[in-house]
Every structure is written in structure tokens, then in C-alpha cells.
Amino acid sequence: MHRNLSESWKNILSAEFDKPYFRELTGFINKEYSNYQCFPKIDDIFSAFDSCSFKDLKVVIIGQDPYHDENQANGLCFSVKDGIKHPPSLKNIFKEIASDLNTEIPQSGDLNKWARQGVLLLNATLTVRAHEAGSHQKKGWEIFTDVVIEQISKEKENVVFLLWGKFAESKKKLIDVKKHTILKAPHPSPLGAWRGWFGCKHFSKTNEILQKENKTIIHW
């Protein structure tokens with residue numbers, strides 16, 4: 001499964017692939033994809049890494065689980081394939097961007113354009129069985145993606161981590177706050193967005209931080 005992972009990440013994560021948990025996870029995923037409809041497509045499982053090289057990474061956004069309905073998940077958290085109706089959380093993300101940066105709401109919900117600028121859109125669980133939210137949780141993905149966050153924290157400097165909602169905030173313990181910046185906000189889903197997601201201005205704040213570090217800003 002990890003053979004699909006891009007070279008820039010293999011160097012950072014190669015130690016994980018021979019560990020018992022990852023071998024078990026690989027067996028589980030292969031069986032699930034053989035016997036059930038699962039998302040994203042098997043070739044897109046590591047798309048977040050393919051689209052954002054380790055070298056160029058500047059920002060990390062942490063999600064929980066891929067979308068589990070037809071043609072939505074494309075391997076990047078909160079992102080959907082081009083031409084697909086925007087799910088509620090993504091709608092609220094785009095509303096906040098429009099308000100924060102005084103821009104139009106994008107037509108496409110495909111966030112690959114962010115990833116190519118150095119934004120890692122990382123779900124804690126990288127796969128899901130169709131129409132069964134959370135069905136691939138606690139099978140080993142979270143161990144792997146926690147290592148991803150720890151390695152970014154250890155090997156990089158001045159990365160901006162955007163933690164939206166309680167689940168993402170629970171990852172704070174993996175991040176060295178002396179080296180990196182954490183911005184926290186409620187989750188953008190309709191259930192919690194009213195608690196302070198709108199007006200959080202994470203997109204302009206992220207760009208201000210990047211500018212101070214003499215890094216190219218993100219064109220959200």
C-alpha cells in the first residue's frame with residue numbers, strides 16, 4: 001500500500017512500514033477494498049502526501065475521516081473532487097475565507113491547489129467503507145498519522161498547524177510549540193461553526209505568520 005507514497009515522504013516515514021501495526025493495517029485495507037466499496041480510490045489514499053512534498057510543507061490542517069459518500073473523497077481532508085457539491089463543512093470553510101480575505105467563494109471544492117502550495121490536508125484516518133462513517137478508525141491509521149505529525153514537528157521549523165475542533169486539538173501534544181505555531185478554532189461543521197469558527201480569520205492569520213517567516217503566502 002505504501003508503495004504509492006511519494007519519495008519525499010518515504011524517507012521520513014519508511015521506519016513505519018515494517019512495524020507490526022502497519023502490516024496489520026495493510027492487510028485490513030487490502031481486504032476491505034477487495035470486499036467492499038471504500039473511499040477514496042486506492043490510488044488516492046496518499047494523495048495528501050503526493051500533492052504536498054515534505055520539503056515544501058508550510059501549513060498542516062488536520063481532519064478526522066474521509067467523506068463516505070459517492071465521488072466525494074479525494075485523499076485530502078475537507079476536499080472533494082472537482083464538480084462535486086460542497087459538503088457542509090467545506091461550505092463553511094469557503095464562507096470564512098470569503099469573509100476573511102474579501103474574495104469570492106470558489107466553485108471547485110478540490111483543495112489540491114492548497115496542497116501544491118505547501119498545505120498538508122491530513123485526515124487522521126485515511127480510508128473509510130462507503131456510507132459507514134468511522135468504519136476504518138482504530139485499525140492503525142491513527143498511529144501512522146500521529147507519527148506524520150510528530151515527524152513534521154521534529155524535522156521542520158515554523159509550520160502553522162490549524163486545529164479545528166476538539167479532535168484536531170487533541171493532536172496538540174504531538175507538536176513542539178516552541179518551534180511551530182498552532183491556531184485553534186471550533187470545527188467548521190454546521191454543528192459547531194456558530195461557536196467561533198466564523199470570524200476565526202485563520203487564513204489571513206496564517207499568511208501573516210508565513211510573511212513574517214519570509215515564506216510565500218497561500219492563495220486560498
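Predicted model: local features only at pLDDT ≥ 70, side-chain atom pairs only at ≥ 80, totals over all residues.

Biologist: Start with strand S2. Buried or exposed?
Modeller: S2 (residues 59–63) is largely enclosed by the rest of the structure, because 5 of its 5 residues are buried. Buried means under 20% relative accessible area, exposed over 50%, and partly exposed in between, with a 1.4 Å probe and protein chains only. Helices (H or I, at least four residues) and strands (E, at least two) are DSSP runs, numbered from the N terminus.

Biologist: Which residues of S2 point which way?
Modeller: Val59, Ile61 and Gly63 point one way, Val60 and Ile62 the other, and all are buried.

Biologist: Which strands are joined to S2?
Modeller: Strand S3 (residues 119–123) runs parallel to S2 and is joined to it by 5 bridges. There, Val60 stands opposite Leu120. Strand S5 (residues 160–164) is also parallel to S2, with 3 bridges, and Leu162 of S5 is the bridge partner of Ile61. Two strands pair if DSSP finds at least two bridges between them.

Biologist: Changing topic. Where is Trp194?
Modeller: Trp194 is in the loop between S6 and H8.

Biologist: Buried or exposed?
Modeller: Trp194 has a relative accessible area of 63%, so it is exposed.

Biologist: And what about Arg195, where is that?
Modeller: Arg195 lies in the loop between strand S6 (181–185) and helix H8 (202–212). Its relative accessibility is 57%, so Arg195 counts as exposed.

Biologist: Now the backbone. Which residues does the cis peptide bond join?
Modeller: Phe39 and Pro40, with omega about -10 degrees. Pro40 is in the loop between strand S1 (38–39) and helix H3 (47–51).

Biologist: What is the phi of Asn102?
Modeller: Asn102 has a positive phi of about 55 degrees, although it is not a glycine. Asn102 sits in the loop between helix H4 (88–101) and helix H5 (112–115), and it counts as exposed because its relative accessibility is 72%.

Conventions:
Residues numbered from 1 in each chain as written. Heavy atoms only, no water.
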